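Please look through the structure below with its sequence alongside. The text that follows goes from the aromatic residues to the chain as a whole.

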Amino acid sequence: MLYTFSKANYDLAWLTQTLAQFDENDIALLWQDGVLQAVKNAECFANVRTYVLREDLHARGLTDMNTFPEVELHEVVTLTEYYFPQIAF
């Protein structure tokens, strides 16, 4: 399943609980303001296969981040083909 995170702020307890339910078939995509989670709550995503949308990182001045693999928009389309359904947070 593909979980997308698009907000800059999530309740930490909720985020931790949600990510704890992921299994090996689930991935997280941080995009829009959700890319800020790569800075704010990186430890929460450490045990989850997580990708970050490059265009959104750069739009927010976040460059040279090696926390999570960066993907471009056309690669997101490929992710949606393999991981479905999608759940947006």
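Which residues form one aromatic cluster? In this predicted model, the cluster consists of Tyr3, Phe5, Tyr10, Trp14, Phe22, Phe45, Phe68 and Phe89. Eight aromatic pairs are present in the structure. One of them joins Trp14 to Phe89 in an edge-to-face arrangement, with 5.0 Å from centre to centre and 75 degrees between the planes. Trp14 belongs to helix H1 (residues 12–20), while Phe89 sits in the segment after strand S5 (86–88), so this pair ties together parts that lie 75 residues apart in sequence. Trp14 counts as partly exposed because its relative accessibility is 30%. Phe89, at 22% relative accessibility, also counts as partly exposed, since buried means under 20%.

The protein chain contains five helices and five strands. Read from the N terminus, its elements follow the order β-α-β-α-α-β-α-β-α-β. The radius of gyration is 12 Å, close to the 12 Å given by the globule rule for 89 residues, so the chain is as compact as a globular protein of that length. Along the principal axes, the C-alpha atoms fill a box of roughly 30 × 30 × 20 Å.

Contacts and surface complete the description. Among contacts with a separation of 6 or more, 61% are between residues 24 or more positions apart. Of the 89 residues, 43% count as buried. The chain exposes about 5200 Å², and carbon and sulfur atoms supply 52% of that area. Its side chains include 5 positive and 13 negative ones, and the centres of these two sets lie 5 Å apart.

Technical notes:
Residues numbered from 1 in each chain as written. Predicted model: local features only at pLDDT ≥ 70, side-chain atom pairs only at ≥ 80, totals over all residues. Heavy atoms only, no water. Phe/Tyr/Trp six-rings, centres within 6.5 Å; stacked < 30°, edge-to-face > 60°. Helix = DSSP H or I, 4+ residues; strand = E, 2+ residues; numbered from the N terminus. Buried < 20%, exposed > 50% of the residue type's maximum accessible area, 1.4 Å probe, protein only. Rg over C-alpha atoms; globule rule 2.2 N^0.38 Å. Contact = heavy atoms within 4.5 Å. Areas by Shrake-Rupley, 256 points an atom, 1.4 Å probe, with all protein chains shown as cover. Lys, Arg positive; Asp, Glu negative; His and termini not counted. Charge placed at Lys NZ, Arg CZ, Asp CG, Glu CD.
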